[in-house]
Amino acid sequence: MPQPGEVSRPQPSAEDSFLDLLVETLQGLDDFVRGQFLRQFFRTTAQIDLSESKSNEYWEQILQRRRELNESLGKRVSLKTAMVDVLSSMNFLRVPILMEYDEFKKLQINAATDALTGLYNRRLFDEYSDKELNRAKRYSHSLALVILDLRKLKDVNDRHGHLQGDQVIQLAASTLRKTLRASDFAFRIGGDEFSLLLPQTDPEQAVTLCRRVRAQYEAEVQPLKVGTGVTLDFGIAVYPQDGDQKSELMGLADKRLYELKHDGAAAPRVIQLEKPAQREAPAAPPSPAPVPAPAPRVSPSGAAANAAPRPQPHSDQRKWERVSLVGTKAHAVLSDLGQKTAKVLDLSYGGVALLLEKSEEVPDQFNAVLHVPILPPVRVILRKTYAQQLEDGRIRLGCSFVS
């Protein structure tokens, strides 16, 4: 209890306490892992993009600056104060503005979202599509880009008014939010046009998702009684099968969208994506004897699939958003396999992907201890869902957590 005349020190806020805990946690990590985390931290909190080495360097300067301020002022200085001081001196915060956090968040939301639907807007689509395409190239993942169009929206506006038309648009947005998974992104890019970015999604999975969105939307728009034919058409392009440039993927998805609209004009509920490839196939060398050519296999996205499809290790790849741990010291000790160690490739709420150095006979269910940066060791029971042999002889093992 403070004595009369004694000034009580204010208690640190929850945010300051969290930052102090963050400082202690980061001290126990190696430079590479700490640099990866700090790079994202500075990008999120200060909107600056630094390398891992620079992130570590500026973090040490911030901690040193806080120690200096504590000594010179004779009182506790928050990490936020030291961070603003250091970043301002480096000209990263040229015009710092003080405002209420809630008001700042409102500005962020208004700048990034479409007012009618609450989905991300066209500006964010351009930013996220570049970012996700670069990520797909870096980690050799597939990326599906989808363009959706509201069929018969003009008829709804002409017959029932624009307020009813707005309801039809809003219902499409809510259907997307309910149907997509956590790792997917939905945008409104025009009056009646939407776009999706589906990371780690192959053509078959993309078509399945779009068909589910379309069926769900048709069921939900029916009670509005705006007439028959109101639906969502879609066109799909997938990296790397359909191209490696954003403009190429956008153009191909747009072309397939209008092909679908034309083909389905008489029967809006019929989806006819299995069409011959639009691109000219390279001329095949002459065969010594005429051999009946097999019918070309056509991928669900509309492009000819001349190569065998990639093996799909399991059927629900994107049920949980995965966090890549490649490049970290994350590993698992397999208790039922003589304490063997396997690298942890990625982790999600649903399971984990492991990398075994050589072919091992792994039981369908086994015990393991996960060692992941920033978390204490976790003892888990894993169930094997798939095993994929890589070209170098190692085994990629997918496991789900047993509750």
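Student: In this predicted model, does Asp85 count as buried, partly exposed or exposed?

Tutor: The model is a predicted one. A residue is buried under 20% relative accessible area and exposed over 50%. Asp85 has 32% relative accessibility, so the class that applies to Asp85 is partly exposed.

Student: Which helix holds both Arg122 and Asp126?

Tutor: The side chains of Arg122 and Asp126 form a salt bridge of 3.4 Å, N to O. Arg122 is partly exposed at 37% relative accessibility, and Asp126 is partly exposed at 28%. The two residues are four apart, about one turn of the helix, and both lie in helix H6 (residues 122-139).

Student: How many residues apart are Lys246 and Asp126?

Tutor: Lys246 forms a salt bridge with Asp126, with the closest N and O atoms 3.2 Å apart. Lys246 lies in helix H10 (residues 246-263) and Asp126 in helix H6, so the pair links distant parts of the chain, and the separation is 120 residues.

Student: What is the distance from Glu193 to the nearest side chain of opposite charge?

Tutor: Glu193 lies in strand E3 (residues 193-199). Glu193 is buried yet has no salt bridge. A salt bridge requires the nitrogen and oxygen to be within 4 Å. The nearest side chain of opposite charge is that of Arg122, at a distance of 5.8 Å.

Student: Why is E3 largely enclosed by the rest of the structure, and how many of its residues are buried?

Tutor: Glu193, Ser195, Leu197 and Pro199 point one way from E3, while Phe194, Leu196 and Leu198 point the other way, and all are buried. In a regular strand the side chains alternate between the two faces of the sheet. E3 is largely enclosed because its buried residues number seven of the seven.

Student: Which residue of E3 is the bridge partner of Phe185?

Tutor: Strand E2 (residues 185-188) pairs with E3 in the antiparallel sense over four bridges. A hairpin of four residues joins E2 to E3. The partner of Phe185 in E3 is Leu197.

Student: Which residue of E3 is the bridge partner of Val146?

Tutor: E1 and E3 run antiparallel and are joined by seven bridges. Within E3, the bridge partner of Val146 is Leu196.

Student: Which element gives the most residues to the largest nonpolar core?

Tutor: The largest nonpolar core has 32 residues, and Leu150 and Tyr217 have the most contacts inside it. Among the elements that each supply at least two residues of this core are strand E1 (143-151), helix H8 (162-179) and helix H9 (203-221). The element that gives the most, with seven residues, is H9.

Definitions and conventions
Residues numbered from 1 in each chain as written. Predicted model: local features only at pLDDT ≥ 70, side-chain atom pairs only at ≥ 80, totals over all residues. Heavy atoms only, no water. Buried < 20%, exposed > 50% of the residue type's maximum accessible area, 1.4 Å probe, protein only. Lys, Arg positive; Asp, Glu negative; His and termini not counted. Core = buried A, V, L, I, M, F, W, Y, C linked by side-chain atoms within 4.5 Å. Pairing = 2+ DSSP bridges.
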